[in-house]
Amino acid sequence: MTDTRFADLLERVMGLSAASIGPGAIERAVDARRRETGLRDGDAYWALLQASSAEVQQLIEAVVVPETWFFRNPQAFRAMERDVLGPRLRADPQAGARLLSLPCSTGEEAYTMAMALMEGGIEPHRFSIEAVDISQHAIDMARAGCYGRNSFRGHELAFRDRYFDARPHGWAVRDEVRAPVRFAQGNIFAPGFMAQAGGFDVIFCRNMLIYFDIPRQKQAIAVLRRLLAPDGTLFVGHSEAGLMRAEGFVSAGMAMAFAFRRAPEAAALRAPAGPTATVAPPPRASLRAPVAKRPAALRVIERVRPTCPETTRSIAKTLDLAALRRMADDGRVEEAERGAQTYIRENGASPDALLLLGLISDAAGQGKAAAHYYRKVLYLDPGNVEALGHLALLLRREGDHAGARLIDERMRRQDGRRN
Ligand SMILES: C[S@@+](CC[C@H](N)C(=O)[O-])C[C@H]1O[C@@H](n2cnc3c(N)ncnc32)[C@H](O)[C@@H]1O
């Protein structure tokens with residue numbers, strides 16, 4: 001019989017889904033800790049874990065995946081400065097901003113947030129960055145602020161000369177970048193986690209939710225929702241974007257930044273702004289399917305009754321794909337779906353239209369169809385980061401971890417090329 005005690009404990013304490021880190025990873029970590037503590041067998045080590053919260057922390061340290069680097073997915077940092085905080089802080093010299101990096105791992109993400117704002121001419125005293133991670137070891141490294149080559153990936157490294165001092169064994173973050181950043185150890189699932197905090201204008205929560213199973217993802221997202229200011233922006237990892245949509249967030253519309261905002265209460269009932277406003281919304285009564293029949297993933301993206309083919313045809317002609325995507329985000333899923341199909345019929349296969357069809361199928365819980373569309377996108381555009389991210393998340397959700405890892409690998413190569 002397989003011994004699941006250790007995996008169950010880690011799931012309970014830190015939300016870790018054993019499947020997400022591959023078979024054998026927990027077993028290896030337990031074995032390493034058992035040997036380190038000089039204990040004879042698994043039962044003795046289990047007894048130690050029951051008696052010592054310090055040892056539980058040591059086991060957590062042994063299983064976390066602290067992979068991170070400066071300006072990882074640079075589009076997110078640029079969008080945060082250019083489209084979110086920069087305009088607000090430049091318009092009002094008295095205004096300040098509060099940011100959160102959770103999980104911050106060894107600190108690269110939090111320091112990058114500071115550098116990105118400073119690159120936009122915003123002085124460090126105008127903002128504060130809280131940075132939290134469950135790993136005490138990672139937090140100690142973040143506070144030390146000295147980094148080796150692995151933290152600087154890609155070719156655009158000019159920032160290193162501006163914000164770091166060369167040391168014999170790496171590069172040390174300069175004081176002006178450190179000043180606005182405060183690190184703390186913390187577990188997003190701990191009772192009362194950041195209970196006194198909240199109202200963050202910007203939260204980066206990237207590449208952590210992928211390690212949780214669906215109920216824990218929902219729990220973590222509820223915490224993020226509490227911590228985010230009503231008009232705040234939440235940045236997630238590329239593989240986590242589909243999840244945010246399913247959890248009732250709406251895209252902030254920043255290309256490749258994977259940025260989301262809370263959905264306005266009645267988002268599904270509002271007519272979209274811009275060109276789509278000319279399309280008459282269906283009668284209110286037809287907007288909502290009976291609650292009990294709606295799939296869980298569609299709690300926010302409500303289905304609408306199909307419109308007549310002529311209406312759809314004219315929508316596809318007059319709206320561009322971005323508008324179709326906004327339409328889907330606003331809950332007019334069936335119209336957007338028909339629009340995208342008509343668009344493809346009239347203009348030929350397009351990665352953007354296929355991606356939209358993939359997202360719609362994904363949100364409706366039609367995994368097979370979604371994977372089919374994502375793969376079609378990748379056939380036409382092999383480096384499409386959004387399709388790669390969604391496909392990896394989908395495969396992981398469906399238990400194809402080997403497939404997901406292959407896509408992750410492709411994604412990493414793509415990230416490297418972009419950096
Ligand atoms: C892959 S790193 C992501 C770092 C950074 N956000 C990025 O995208 O580059 C994942 C981090 O999540 C942290 N983590 C895992 N479970 C956590 C939890 N329950 N609470 C807080 N941090 C957690 C790990 O310690 C690890 O440092």
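**Close-up views of a predicted model**

**View 1. Leu9 and its contacts.** Leaving aside neighbours within four places in sequence, Leu9 is in contact with Trp46, Leu49 and Leu59 (contact means heavy atoms within 4.5 Å). This is a predicted model, in which local features need pLDDT of at least 70 and side-chain atom pairs count only at pLDDT 80 or more, while totals for chains, interfaces and linings use all residues. Residues are numbered from 1 along each chain as its sequence is written, and side-chain values use heavy atoms, with hydrogens and water left out. You'll find Leu9 in helix α1, residues 5-14. Helices here are DSSP runs of H or I with at least four residues, strands are DSSP runs of E with at least two, and both are numbered from the N terminus. Is Leu9 buried or exposed? Leu9 counts as buried, with 7% relative accessibility; buried means under 20% relative accessible area, exposed over 50%, and partly exposed in between, using a 1.4 Å probe and protein chains only. Leu9 and Trp46 sit 37 residues apart in sequence, and their C-alpha atoms are 10.0 Å apart in space.

**View 2. The whole protein, for orientation.** The protein has 18 helices and ten strands. Of its 419 residues, 55% count as buried. Take the contacts between residues at least 6 apart in sequence: 69% of them join residues at least 24 apart. The accessible surface comes to about 19,300 Å², and 53% of that belongs to carbon and sulfur atoms. Accessible areas come from the Shrake-Rupley method with a 1.4 Å probe, and for residues only the protein chains shown count as cover.

View 3. How many residues surround the ligand? There are 20, and the closest are Thr68, Arg72, Pro103, Asp133 and Asn207; a residue is near a molecule or strand if one of its heavy atoms lies within 4 Å of it. The shell divides into nine nonpolar, six polar and five charged residues. In that count, Ala, Val, Leu, Ile, Met, Phe, Trp, Tyr, Cys and Pro are nonpolar, Asp, Glu, Lys and Arg are charged, and the others, Gly among them, are polar. An oxygen atom of the ligand is 2.6 Å from a side-chain N or O atom of Asp133. A ligand nitrogen atom is 3.0 Å from an N or O atom in the side chain of Glu109. For Ile188, a backbone N or O atom lies 3.1 Å from a nitrogen atom of the ligand. On its own the ligand has 610 Å² of accessible area, and the protein covers 98% of it.

View 4. Strand β1 (residues 97-101) is mostly covered, with four of its five residues buried. It pairs in the parallel sense with strand β2 (residues 127-133) over five bridges, and two strands pair if DSSP finds at least two bridges between them. Leu100 stands opposite Glu130 in β2. Pro103 is in the loop between β1 and α6 (108-119), and a cis peptide bond, with omega about 5 degrees, joins Leu102 and Pro103. Ser105 lies in the loop between β1 and α6 too. Although Ser105 is not a glycine, its phi is positive, about 50 degrees. Ser105 is buried, with a relative accessible area of 8%.

**View 5. Phe71 in its loop.** Where is Phe71? Look in the loop between α4 (53-63) and α5 (74-91). Phe71 isn't a glycine, yet it has a positive phi of about 50 degrees. At 14% relative accessibility, Phe71 counts as buried.

**View 6. A three-stranded open sheet.** The strand order is β3-β5-β4, and the pairing is antiparallel. Since β3 (146-147) and β4 (164-167) stand at the edges with a single partner strand each, one side of each is left without a neighbour in the sheet. Two bridges join β3 to the antiparallel strand β5, residues 170-173. Cys146 has Ala172 in β5 as its bridge partner.

**View 7. β10 and two of its pairings.** Strand β8 (residues 228-236) and strand β10 (residues 259-262) pair in the antiparallel sense over two bridges. Here Leu234 stands opposite Phe260 in β10. Strand β9 (residues 249-251) also pairs with β10 in the antiparallel sense, over three bridges, and Val250 has Arg261 as its bridge partner in β10.

**View 8. Ser361 in helix α15.** Ser361 belongs to helix α15, residues 351-363. With a relative accessible area of 4%, Ser361 is buried. A polar atom of its side chain lies 2.9 Å from the backbone oxygen of Leu357. Not counting residues up to four places away in sequence, Ser361 touches Gln366, Ala369, Ala370 and Tyr373.

Note on methods. A polar contact is a pair of N or O atoms within 3.5 Å; within protein, one must be able to donate a hydrogen and the other to accept it, and residues adjacent in sequence count only if both atoms are side-chain atoms.
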